[in-house]
Amino acid sequence: MNSDANDDWHLVLPLKPLALAKSRLAAATGALLRPRLALAFAEDTVGAALNCARVRDVVVVTDDPAAGAALAALGARIVPDLPAAGLNAALEHGVRAIRERRSHARVAALNADLPALRTTELTRVLDTARNFPRAFLADATEIGTTFLSAGPGVELEPAFGGASRLRHLSTGAVEIRLTGVDSVRRDVDTGEDLAEARALGLGPRTAARWLPAAG
């Protein structure tokens with residue numbers, strides 16, 4: 001991780017309790033494997049993010065004790081979801097936790113379900129985001145959002161969920177239009193999404209849990 005305060009990013013990842021996470025995935029994976037895969041997605045996302053030279057730290061907002069312990073072991077800082085008011089409130093809470101320590105921190109929200117995330121691709125997204133007060137990356141469908149950033153002194157203003165691409169555009173965030181960053185855009189909610197992530201190359205924890213089951 002980078003220790004240069006002038007060039008670092010602080011990432012916030014939200015994670016539902018595993019018993020509730022990725023409900024739409026159960027049809028493809030089964031009810032027992034679904035929560036284990038949800039954790040694996042988060043572990044691979046956090047692991048790739050922490051390996052990025054641009055990232056100073058990763059804050060995970062979650063109330064799940066098992067997930068918190070596993071992600072803390074990787075090096076993430078765990079913040080309880082005290083607002084308990086949904087995804088965007090959790091992200092704002094995570095940003096406050098960061099800026100209580102570093103008031104002018106450069107922050108970004110990142111989905112916790114990017115099991116194919118590549119550090120090199122995340123680096124390109126972060127380097128582009130530095131050029132704007134607020135910027136975002138649309139998901140693979142170009143309907144949702146997987147990444148939203150805010151520079152020093154700028155509020156994040158998250159509007160995740162559903163058709164968030166248009167909402168983030170409407171709040172003045174600049175859309176990042178890079179090619180070759182598919183792993184940062186490929187979040188996983190369904191079996192079809194997981195197949196596309198597998199084609200990109202799954203992270204080690206997701207691969208270890210899914211490939212034996214998928215055959």
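Start with the largest pocket, which holds about 910 Å³ of space (the volume filled by probe spheres set on grid points joined across faces, edges and corners). A pocket here is an open set of points on a 1 Å grid over the protein atoms alone, where a 1.4 Å probe fits, with protein on both sides within 12 Å along at least five of seven lines; lining residues have an atom within 4 Å of a point. Select Lys 16, Lys 22, Leu 87, Asp 113 and Asp 189: of the 35 lining residues, these are the closest to the centre. Colour the lining by class and you get 14 nonpolar, ten polar and eleven charged.

Before moving on: this is a predicted model, where local features need pLDDT of at least 70 and side-chain atom pairs 80 or more, while totals for chains, interfaces and linings use all residues. Numbering runs from 1 along each chain as its sequence is written, and side-chain values use heavy atoms, without hydrogens or water.

Next, select α2 (33-50) and α3 (65-74); helices are DSSP runs of H or I, at least four residues, numbered from the N terminus. Their axes, lines fitted to C-alpha atoms over the stretch in contact, sit 10 Å apart at about 20°. The two are therefore roughly parallel (angles under 35 degrees).

Methods: Axes are lines fitted to C-alpha atoms, for helices over the stretch in contact, and angles run from 0 to 180 degrees between N-to-C directions. Angles under 35 degrees count as roughly parallel, over 145 as roughly antiparallel, 65 to 115 as roughly perpendicular and the rest as oblique. Ala, Val, Leu, Ile, Met, Phe, Trp, Tyr, Cys and Pro count as nonpolar, Asp, Glu, Lys and Arg as charged, and the others, Gly among them, as polar.
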